[in-house]
Number of protein chains: 2
Amino acid sequence: MPFSFHLEHRDGGTAARAGRITTAHGEVLTPAFMPVGTVGSVKTLAPDDLVEAGCDVLLGNTYHLSLRPGVETVAALGGLHRFMGWSGSILTDSGGFQVMSLTEFNKVTEDGVEFRSHLDGSKHFLTPEKAMRIQDGLGTDIAMSFDQLVELPAPAETVRDAVDRTLRWARRGLEERERLRGEGRGTMALFGINQGGTDAAERARCFAELGGMPFDGFALGGLWVGEGRRLGLEMVERDCAAFPEDRPRYLMGVGHPVDVLEAVARGVDMMDCVLPTRNARRGTVFVSTGRLVIRNAAYARDARPLDPECGCPTCRGFSRAYLRHLFVSNELLGMRLASVHAVHQILSLVRRARAAIAAGTFAAFRSEFLDRFHSNETLVRAAS
Amino acid sequence: MPFSFHLEHRDGGTAARAGRITTAHGEVLTPAFMPVGTVGSVKTLAPDDLVEAGCDVLLGNTYHLSLRPGVETVAALGGLHRFMGWSGSILTDSGGFQVMSLTEFNKVTEDGVEFRSHLDGSKHFLTPEKAMRIQDGLGTDIAMSFDQLVELPAPAETVRDAVDRTLRWARRGLEERERLRGEGRGTMALFGINQGGTDAAERARCFAELGGMPFDGFALGGLWVGEGRRLGLEMVERDCAAFPEDRPRYLMGVGHPVDVLEAVARGVDMMDCVLPTRNARRGTVFVSTGRLVIRNAAYARDARPLDPECGCPTCRGFSRAYLRHLFVSNELLGMRLASVHAVHQILSLVRRARAAIAAGTFAAFRSEFLDRFHSNETLVRAAS
């Protein structure tokens, strides 16, 4: 099977680690951040933009793609990579998060989740087996197990039941992949998802069983849903301590630079989030010194790039004044140029973190990055 | 002054011609099509996309840019080229068309046009002199004379008055450029605009005077505003016959492939229009065989590019099925990829027309292009 993970470096002072995942579509250096290509494109960006940003893996959404254009269409056109013109690796989620968060009517049974499409209200039924078959049909490199999400806060019993069902569904997903492999399909890697919300005991109980299953990697699920950074990072620390060293650890839905760096420090290898690109389309980007709101009037004649320290095509070619003008004028190019920067910014962060881990300088890198990031000096200087 | 025009080839069978304009920002091969960068960007496209399409000149709108971000801001940031990151040539219109067509309240006096901004209702006054100063402040390579547009049909007297005023304004614009040159500014070329609508006698009368003024080129104004292709082309033929050989001829607001080719056959050197890119953003593009409506269900699993004969990045990298999916899903990347194709398509058309003129094969090129363009075979094949 064309999936492997090699741990290359461990940081001395933290749990941070640098590794290398190999898939049929190349190598993924970890820590890795995965831009989100929800319905087959990372919004406003072409594959070339992602390559230029050094992206080696992106995330596709099973829920969205299976509703539109449908897995049969994607498969008929050669799979998701070919469909969207992306030659790097792809990780797909299982749809478990979206069926619970995006649909108005959904019903969880032991078999799976019945829901109505947010697009047209049509009725669908997603099961652990079907989630495997869809991801296989999309031609993903890394598939995710179908898990049950509970909205927090929830009674302990609800969390416990969801953990138990997630474990049963995890087994069914693995079995379905085996069945697919018997048919010469199912070559994708499969990651299990640890659940239990912010209940440390439940997460530990979940992983006690999940960790024994033959998954190729493990994800930290049910976090960054409103519990706050402190509690979230505590769960990350506990999960990573329990997860095996030799398999990648994927923290789902995290994309704020501070969270990304703190998660890396606790041993996380992979992350994804729409935050950088969604923020960018709304006119907010992260720069070395914090957050920059592009429409700010202070930038009306600011000839500097968004981030003078950034080497992305947007920062190499365009001023804050121009970007601001594009946003104020509702020009689509503004969203695109901001998204280019946003993807570069977060990928550059994990790339530099990786280099620091390899060089044994991660502690210094982390504290310098956080000091500067919180300085907010961008705006102060611009106003002068 | 850094502007020159050299006529290089004349077609034997038609009035088509191939030339070369030189500006401070390089060479513009004619016939040339100018994509429209209304408010400082050709919508959805970055300068690199235009370079890749072989674009050597684009159009900026004085009206839009002077309202937002304002000429002072653009000038403070080094001029329009630098502001938008475009190193090729720029032609700016005078704002005359927009103050009449985009504003709800406008009042023409001998001095100029008073109007309210379509953005915020603020009151402004544009004169022939101010139109020169704004274009000079933007740093354009080719400025346009400030003319008076009349909405057709109009009484003969109204057309006559507008022609007379356009001529007086043309003189005032030239004088203002001279004044600017006395101050070491005003290095831009300046084109006069012939008016008279579809009244051949009025157009001839207008040019009898306009043609004697020291303009660097002449534009055909007041056409393609609803008069129909036959009548429009008749005016083009008459104007071009009257215009001097040694200066470029610019037909304003024309971008349909058939119109472009027919105008070239009648001696036009330059054109501009939002049509290709506006259509593209709405999901319609021109291909070798005619018009292609991307959302058409027939393309849902069509693995071919928009135009199998096109070498643009969109056609090299993406299928009709993917483009259709992006449009159906309202993904911004769809508008961008379609715009990339649209600009390539029209620029490739004038480039090939130019090569045919140079090779003495323009007649054959024209008839072959039109035959294929009208064949509409794209859709028929896709449905099979």
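This is a working chat about a predicted model with chains A and B.

Colleague: Before we start, what should I know about the model and the numbering?
Modeller: The model is predicted, so local features need pLDDT of at least 70 and side-chain atom pairs count only at pLDDT 80 or more, while totals for chains, interfaces and linings use all residues. Residues are numbered from 1 along each chain as its sequence is written, chains are lettered from A and ligands numbered from 1 in the order in which they are written, and side-chain values use heavy atoms, with hydrogens and water left out.

Colleague: Which residue of chain B comes closest to the rotation axis?
Modeller: Leu332(B), with its C-alpha at 4.0 Å.

Colleague: And what surface do the copies meet through?
Modeller: The same one, because 100% of the interface residues of chain B are also interface residues in chain A.

Colleague: Changing topic to helices. At what angle do α6(A) and α7(A) cross?
Modeller: Roughly 45°, and their axes come within 8 Å. Helix α6 of chain A covers residues 128–138 and helix α7 covers residues 156–182. Helices here are DSSP runs (H or I, at least four residues), strands are runs of E (at least two), and both are numbered from the N terminus. The axes are lines fitted to C-alpha atoms, for helices over the stretch in contact, and angles run from 0 to 180 degrees between N-to-C directions.

Colleague: What do you call that arrangement?
Modeller: α6(A) and α7(A) are oblique to each other. Under 35 degrees counts as roughly parallel, over 145 as roughly antiparallel, 65 to 115 as roughly perpendicular, and the rest as oblique. The crossing of the two is right-handed; that term applies if the near helix is turned clockwise from the far one by less than a right angle, and left-handed if anticlockwise.

Colleague: Which residues meet there?
Modeller: From α6(A), Pro128(A), Glu129(A), Met132(A), Arg133(A) and Asp136(A). They meet residues of α7(A) including Trp169(A), Arg172(A) and Glu176(A). Contact means heavy atoms within 4.5 Å. By class, the contact of α6(A) with α7(A) has 4 nonpolar, 1 polar and 6 charged residues. Ala, Val, Leu, Ile, Met, Phe, Trp, Tyr, Cys and Pro count as nonpolar, Asp, Glu, Lys and Arg as charged, and the others, Gly among them, as polar.

Colleague: Now chain B. How do α10(B) and α15(B) pack?
Modeller: At an angle of about 165°, with their axes 11 Å apart. That makes α10(B) roughly antiparallel to α15(B). The crossing is left-handed. The contact of α10(B) with α15(B) has 10 nonpolar, no polar and 2 charged residues.

Colleague: Back to chain A. Why is α13(A) called largely enclosed?
Modeller: Because 8 of the 9 residues of α13(A), residues 320–328, are buried. Buried means under 20% relative accessible area, exposed over 50%, and partly exposed in between (1.4 Å probe, protein chains only). Among the buried ones are Arg320(A), Tyr322(A), His325(A) and Phe327(A).

Colleague: What follows α13(A)?
Modeller: Asn330(A), whose phi is positive, near 55°.

Colleague: Is Leu58(A) buried or exposed?
Modeller: Buried, with a relative accessible area of 0%. Leu58(A) lies in strand β6, residues 57–60. Not counting residues up to four places away in sequence, Leu58(A) touches several residues, including Met34(A), Val42(A), Leu50(A), Met84(A) and Trp86(A).

Colleague: What about Thr277(A)? Where is that?
Modeller: In helix α11, residues 275–281. Thr277(A) is buried, with a relative accessible area of 6%. Leaving aside neighbours within four places in sequence, Thr277(A) is in contact with Val42(A), Ser339(A), Ala342(A) and Val343(A).

Colleague: Last one, Gly13(A). Buried or exposed?
Modeller: At 70% relative accessibility, Gly13(A) counts as exposed. Gly13(A) lies in the loop between β1 (4–10) and β2 (17–23). The C-alpha atoms of Gly13(A) and Ile357(A) are 9.9 Å apart in space, though the two are 344 residues apart in sequence.

Note on methods: Copies are superposed by least squares on the C-alpha atoms of residues with pLDDT of at least 70 in both.
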